Amino acid sequence: MVSRRTLLAASAAAVAALAAGCSTTSVLTPSAGTGSDQTPPSLALINKLRSDRGLPTLAIDKAASRAAMDQASRMAAAGKMEHNIGFGANFLKRMKGMEVALPAAENIAAGQDSAADAFDAWYRSPKHLENMLGAGYRGLGVAVVSNPATGNRPYWAMVLSS
């Protein structure tokens, strides 16, 4: 008779073997769609908001920009706005995999036609506004990707980093 411990260990090994073949933290290029770095226009909007509230301004963070492009690409490819898309693609694992300075935060949106429209949507959401006003953040990356296979809807991601 096989013990429960042996069965659990064998199950864990099987899951690990399957997961080894899946990469969820590599940078996705918008090859499945059209993407662009929207950090510069977004940075101006967020820095005005932050300076109006007496907070330090943010700077462009290349790792955060890569992470934002990765997340926007994931959403555009899947045709859905969610933080966790793909096996093992939770926020913390993605940020560590992209070498984003922690702590970090992520805002996502879908359907907005411009950086100003995405900013406005985040500004009007208390949790997203809280992220944009986070006192510990120093870096920013923002990207948008749309994919013809999922209706060309623009998917936005913002990553704030320490």
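At the start of helix α3, the backbone nitrogen of Ala63 has a side-chain oxygen of Asp61 within 2.8 Å. The model in which this contact occurs is predicted. Helix α3 covers residues 62–78. From its first C-alpha to its last, this 17-residue helix reaches 24 Å, close to the 24 Å expected at 1.5 Å a residue. Most of α3 is covered, with 13 of its 17 residues buried. The residue that follows α3 is Gly79, and its phi is positive, near 70 degrees.

The protein as a whole contains 6 helices and 5 strands. Along the sequence these elements follow the pattern α-β-α-β-α-α-β-α-α-β-β. Of the 162 residues in the protein, 42% count as buried. Among contacts with a separation of 6 or more, 72% are accounted for by residues 24 or more positions apart.

A contact between two helices was examined next. Helix α2 (residues 39–52) and helix α5 (residues 115–123) have axes that come within 9 Å and cross at roughly 35 degrees. The crossing of α2 past α5 is right-handed. On the α2 side, the contact is made by Pro41, Ser42, Leu45, Ile46 and Leu49. The contributing residues of α5 are Ala115, Ala116, Phe119 and Tyr123. Sorted by class, the contact of α2 with α5 comprises 8 nonpolar residues and 1 polar residue, with no charged residues. An α-helix has 3.6 residues a turn, so residues three or four places apart point the same way.

The C-alpha atoms of Phe119 and Trp156 are separated by 9.8 Å, while the two residues are 37 residues apart along the chain. Trp156 belongs to strand β5, which spans residues 155–161. Trp156 counts as buried because its relative accessibility is 2%, under the 20% cut-off. A polar atom of the Trp156 side chain lies 2.9 Å from the backbone oxygen of Gln112. The side chain of this buried residue is therefore described both by its accessibility and by a polar atom placed 2.9 Å from the Gln112 backbone oxygen.

Conventions. Residues are numbered from 1 along each chain as its sequence is written. This is a predicted model: local features need pLDDT of at least 70, side-chain atom pairs count only at pLDDT 80 or more; totals for chains, interfaces and linings use all residues. Side-chain values use heavy atoms; hydrogens and water are left out. Axes are lines fitted to C-alpha atoms, for helices over the stretch in contact, and angles run from 0 to 180 degrees between N-to-C directions. Helices (H or I, at least four residues) and strands (E, at least two) are DSSP runs, numbered from the N terminus. A crossing is left-handed if the near helix is turned anticlockwise from the far one by less than a right angle, and right-handed if clockwise. Contact means heavy atoms within 4.5 Å. Ala, Val, Leu, Ile, Met, Phe, Trp, Tyr, Cys and Pro count as nonpolar, Asp, Glu, Lys and Arg as charged, and the others, Gly among them, as polar. The expected span of a helix is 1.5 Å times one less than its number of residues. Buried means under 20% relative accessible area, exposed over 50%, partly exposed in between (1.4 Å probe, protein chains only). A polar contact is a pair of N or O atoms within 3.5 Å; within protein, one must be able to donate a hydrogen and the other to accept it, and residues adjacent in sequence count only if both atoms are side-chain atoms.
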